[in-house]
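Look at the sequence and structure below before reading on.

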Amino acid sequence: MRKLFTLRNRRKIILAAVFSVIAFVGFAQSYEIQRIKEQLADHPQQDTFRVNRLNAIGNSMVRLSSDQLAKIADEALFISRKLKYTTGEGYALMVKARANYYAGNIEAGKTLLTQADSIARENNDQTLQIWVLSRFSGCYDEQDNKRSLDYALKAEKAAEKVGNAALLSWMENTVATEYISMSNCSQGLEQTVKALKSGEESNCGDCIVQAYLKLGLIYSLIGDFDISNQYYQKYQEGAEKLGYSKSITSVAFVDIGENYRLTGKYPEALKAYRSDLTNDLNIYNRPISESNIADVYVRMDSLEPAFQYAFKSLDETRKNGDVTDQGWIFGILSRAYLKKKMPDSALYYGRLGMEASDKSGALEFMRDNSLALSNAYAFKKDFDDAYKYHIRYISYRDSMVNNEIKNKAEVIDNNYNMEKKEGQIALLSQQKKAQQTFLVGVSVVLLLILGLAVVLLRSNRSKKKANVLLQMQKAEIDSKASELATQKESLQKSHDNVEKLAEVGRKITSSLSVEKIIGTVYDNVNALMDAAVFGIGIYNEKMRRLEFPSTYENGQALPFYSNDVDDKNRFGSVCFKSGKEIIIGNLDKEFKDHLQEVATPDEGGQPDSLIFLPLITKDKKLGVITVQSFRGNAYSDYQLYMLRNIATYTAIAIENAESYEFLNEAMSSLKSTQSQLIHSEKMASLGELTAGIAHEIQNPLNFVNNFSDVNMEMITELTEEINNGNFVEAKNIARDLKANEEKINHHGRRADSIVKGMLLHSQKSAGEKEPTDINALCDEYLRLSYHGIRAKDKAFNSEMKLDLGTGVEKINIIPQDIGRVFLNLYNNAFYAVNEKKKLLNGTFTPIVSVSTRRHGNGVAITVSDNGNGIPQNLIEKIFQPFFTTKPTGSGTGLGLSQSYDIIKAHGGEIKVDTEEGSGTKFVVGLPDKEFENFATSAER
């Protein structure tokens with residue numbers, strides 16, 4: 001009985017849907033997802049609203065590819081981390097885990113789920129923790145059912161503590177799935193009924209239909225196909241009401257297809273399986289459908305297609321590591337080879353099937369492979385082994401499907417129905433009691449009326465007076481009732497107007513595009529009144545004109561046109577300049593109240609009724625809105641009232657759109673300025689470095705020139721001594737020449753080293769780390785910084801102290817980037833001591849100190865000076881981009897900001913310790929190779 005196919009197919013849908021149903025308040029249905037996509041399109045702002053809706057799509061029941069899911073997750077993660085919105089980050093990590101799962105990267109998915117779990121624990125977010133446990137259950141579903149069940153039970157236990165019945169129902173459904181995966185129909189049935197009760201208690205339609213789906217599967221497993229199909233029918237009906245897409249509800253057809261296969265209706269079963277293969281299944285679902293087709297062909301004795309589908313599905317399960325389904329496929333191949341009269345091959349695959357089934361714990365496949373091995377041994381006349389495996393087959397079969405389980409299923413089902421009927425009886429009793437109370441009350445009232453009638457009968461005079469009084473009171477009550485009804489109708493109409501205007505206002509102000517605003521306003525105005533002609537004119541201050549970008553006549557868009565704002569014969573211009581409304585019911589009679597003559601329209605006909613309203617917000621005139629009709633007196637007071645409110649919303653929306661456009665321009669300008677400043681900082685840094693290198697290279701060049709001059713003189717002397725036959729002196733001169741040549745070579749190499757260092761620094765960083773001697777890097781850039789400042793200021797001088805630790809080995813860094821950090825820190829230190837020296841008129845000795853030490857899992861580099869220090873109120877700002885304490889023109893404020901980013905990118909940290917008036921100390925911590933590898937693996 002290969003019924004596990006539908007369960008495992010369904011499990012993927014459950015795990016994909018749970019977030020949207022609970023955590024995001026009902027976003028499982030396909031029409032809801034479409035609404036979310038529209039909201040995202042209208043809401044480009046990077047805020048929590050957008051994060052939540054991205055996560056809702058990523059965790060919905062709509063089938064998406066792994067690439068689509070990864071794209072959604074990356075955007076949600078980027079915005080969440082930017083906003084420090086940890087809840088959104090946790091759910092986005094789960095979307096990314098789902099994308100990896102669909103792509104076959106299960107281990108990467110587990111790592112992402114671990115990160116989401118850490119966020120849930122830090123925030124004490126119990127709901128997020130429950131979903132993480134549920135997803136972990138899904139990760140182990142293909143390889144280790146027992147571990148998968150353990151995670152599902154933990155999720156259920158945690159959901160019980162939360163007190164959310166819908167959430168509990170989903171977890172109970174998940175546990176039921178695991179029990180059925182392990183062929184434990186009894187426990188699976190109990191869990192599914194619990195899930196159904198919790199779903200009905202919380203009115204969670206998604207929970208209920210998933211329970212129906214599992215009940216159909218369980219009854220199929222125990223052989224009661226009529227009840228099974230009834231539950232599948234319930235699932236389909238419920239899923240259609242909830243708006244599930246066909247790709248999801250088709251699972252019920254496949255389940256019914258299973259029932260066809262198990263009852264010998266093979267053509268119907270093949271049709272169902274093939275239709276499911278067209279539903280864009282992921283890498284785990286496709287081999288299951290293919291293996292079921294292979295099983296049907298074996299049953300039909302069509303062995304060639306059976307082998308084709310079986311081996312294809314086996315290759316796919318080996319790629320994705322699905323041990324459970326391999327146990328099933330090996331059993332199919334064993335039966336197929338036996339029908340081909342190849343018993344040795346049948347035994348080979350039967351043993352593989354038993355091994356895989358034992359590993360996964362799938363009782364159903366242990367049963368099937370035991371029967372396959374028994375038949376293969378019997379074919380070879382090895383009746384001892386055949387009997388042994390036949391006994392195992394009977395044991396497995398009886399433990400799965402026996403009368404006890406069937407009876408238990410009937411008892412659970414009857415108890416569930418009984419509880420429902422008892423609830424209905426209690427409700428009817430309560431209603432009956434209420435009816436009895438009502439009847440008693442009516443009886444009391446009737447007795448009181450009878451008593452009153454007796455009293456009235458005793459006195460005719462009193463009766464007449466009472467009748468007159470009652471008539472008067474009745475008339476008064478009728479009058480007040482009529483008045484109250486009118487007031488109620490008026491209040492209801494006002495309430496409806498407010499609701500309608502609020503909805504219209506939200507639609508109009510939700511966009512930042514002027515064209516979209518005009519289109520939205522037109523749609524809503526056209527629904528309220530006769531807007532045969534509609535337009536919005538926006539004031540262009542530079543051109544001093546009203547511009548109508550989108551005007552409509554009878555639903556057709558007219559070309560762009562504009563009116564001079566000073567044109568006294570244009571209604572729009574007059575309305576705008578005066579700031580007053582123009583309302584006309586008969587153009588021929590009333591136009592003279594506003595204009596001297598009516599201008600002929602540039603496009604379309606001449607209307608008879610028209611309204612022009614100014615668009616004003618915060619005392620600022622933005623334009624006009626006009627609605628016109630070809631009928632006389634076309635507009636009521638109510639329609640005018642509604643249009644006035646719409647005009648207010650329109651003015652706000654246009655102002656927002658203009659502000660947004662202004663902000664975009666300002667941001668573009670700001671980015672351009674920032675780029676220029678960053679380039680300026682880089683050029684300044686390169687200039688200082690070049691000056692230091694030039695000053696540094698001058699010393700070895702002087703040595704080379706001086707020794708070259710001396711050697712020229714010594715060569716002349718050597719020649720003279722040789723000519724005079726004084727070879728002893730000649731040899732002494734030759735030794736001196738050799739020593740001088742060695743010094744020339746030494747200083748030449750030193751100059752070569754300095755030039756190579758300059759080229760290395762000027763090159764663009766490739767972003768690749770390499771083992772680097774941090775002590776040598778500290779020393780080299782200290783000298784370059786010092787000589788660079790000396791090249792600009794000959795009067796500058798400072799004492800430098802180097803204390804380089806002997807235990808500091810090479811560490812993995814990007815030398816160009818870390819060198820730039822040291823250069824920034826050294827330049828700041830020399831600048832600080834130089835400023836203090838100027839302030840104290842030479843009575844101060846500048847000192848810049850550099851030390852390196854091994855510290856914990858890394859290296860600590862300390863750069864300190866005895867300058868003026870940094871004021872305490874500025875400490876928190878020094879690492880901010882463009883913040884500087886230097887005078888205007890002396891610094892861009894990017895050095896420390898860039899240094900901070902470089903150190904953080906290396907997995908290190910930078911700290912500052914300062915005392916105003918005494919000096920500043922910067923400590924840079926960099927991880928060594930071992931620590932870095934540990935950090936990287938922890939992030940993955």
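The model is predicted, so local features need pLDDT of at least 70 and side-chain atom pairs pLDDT 80 or more, while totals for chains, interfaces and linings use all residues. Residues are numbered from 1 along each chain as its sequence is written, and side-chain values use heavy atoms, without hydrogens and water.

Rings of Phe, Tyr and Trp (its six-membered ring) pair if their centres lie within 6.5 Å; planes under 30 degrees apart are stacked, over 60 edge-to-face, and the rest tilted. This rule gives 23 aromatic pairs. One of them joins F307 and Y337, a tilted pair with 4.7 Å between centres and 50° between planes. F307 belongs to helix 16 (residues 303-320) and Y337 to helix 17 (residues 323-339), so their pair ties together parts 30 residues apart in sequence. Helices are DSSP runs of H or I with at least four residues, and strands are runs of E with at least two, numbered from the N terminus. F307 is buried at 11% relative accessible area, and Y337 is buried at 13%.

The pair of F796 and F830 is edge-to-face, because the ring centres are 5.8 Å apart and the planes stand at 80°. F796 lies in the loop between helix 28 and strand 10 (799-804), and F830 in helix 29 (residues 815-839), so this pair ties together parts 34 residues apart in sequence.

Note on methods. Buried < 20%, exposed > 50% of the residue type's maximum accessible area, 1.4 Å probe, protein only.
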